[in-house]
Amino acid sequence: MSHQRYPEEFKIEAVKQVTEKGKTVAEVASGWGCPCTAFTPGSRSTASPKSSVSKTMVSRLELRKLRVELKRVTEERDISKKATAYFAKECG
């Protein structure tokens, strides 16, 4: 049986529902039609329907999102540098 992978945005929104709106993981999961283990840390044996998502999980998701954004912006900067150098060489 293969596990479905959920996008980071989905997980972040689910975590916000639990931490900011005070809903339980089970409520969010049943409302979105996915298993509780889709966005709870730990193994299936430690994830209970009434457990809440820790702030550590929120921090990890935010850190991952920021790393992806940093990589994208760094690549854009590098491309801009190379284009600037190319056009400067042609004009000079």
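From the N terminus on, the elements of the protein chain follow the order α-α-α. The chain accordingly holds 3 helices and 0 strands, where helices (H or I, at least four residues) and strands (E, at least two) are DSSP runs, numbered from the N terminus. The model is a predicted one: local features need pLDDT of at least 70, side-chain atom pairs count only at pLDDT 80 or more, and totals for chains, interfaces and linings use all residues. Residues are numbered from 1 along each chain as its sequence is written, and side-chain values use heavy atoms, with hydrogens and water left out.

Of the 92 residues in the protein chain, 21% are buried. Here buried means under 20% relative accessible area, exposed means over 50%, and partly exposed lies in between (1.4 Å probe, protein chains only). The accessible surface of the protein chain comes to about 7300 Å², and carbon and sulfur atoms contribute 56% of that surface. These areas come from the Shrake-Rupley method with a 1.4 Å probe; for residues, only the protein chains shown count as cover.

A contact is defined by heavy atoms within 4.5 Å. Among the contacts in the protein chain with a separation of 6 or more, 49% are made by residues 24 or more positions apart.

## Helix α1 and its packing

Helix α1 spans residues 8–21 and has 14 residues. From its first C-alpha to its last, helix α1 reaches 19 Å, close to the 20 Å expected at 1.5 Å a residue; the expected span is 1.5 Å times one less than the number of residues. Glycine 22 follows α1 and has a positive phi, near 75°.

The buried residues of α1 are Lys11, Ile12, Ala14, Val15, Gln17 and Val18. These buried residues pack against two other elements, α2 (25–32) and α3 (55–91).

Isoleucine 12, which is found in helix α1, illustrates this part of the structure. Isoleucine 12 counts as buried because its relative accessibility is 15%. When residues up to four places away in sequence are not counted, isoleucine 12 touches Leu61 and Lys65. The C-alpha atom of isoleucine 12 is separated by 9.9 Å from that of serine 59, and the two residues are 47 residues apart along the chain.

## Salt bridges

A salt bridge is a side-chain nitrogen of Lys or Arg within 4 Å of a carboxyl oxygen of Asp or Glu. By this rule the count comes to 3 salt bridges.

| Glutamate 69 | Arginine 72 | 2.4 Å |

Glu69, Arg72 and Glu76 are linked in a network of salt bridges.

Arginine 72 is partly exposed, with a relative accessible area of 37%, and glutamate 76 is partly exposed at 40%.

## Aromatic pair

Rings of Phe, Tyr and Trp (its six-membered ring) pair if their centres lie within 6.5 Å; planes under 30 degrees apart count as stacked, over 60 as edge-to-face and the rest as tilted. By this rule the count comes to 1 aromatic pair. The rings of tyrosine 86 and phenylalanine 87 have their centres 5.3 Å apart and their planes at 75°, so the pair is edge-to-face.

Both partners fall in the intermediate class of accessibility: tyrosine 86 counts as partly exposed at 47% relative accessibility, and phenylalanine 87 counts as partly exposed at 48%.
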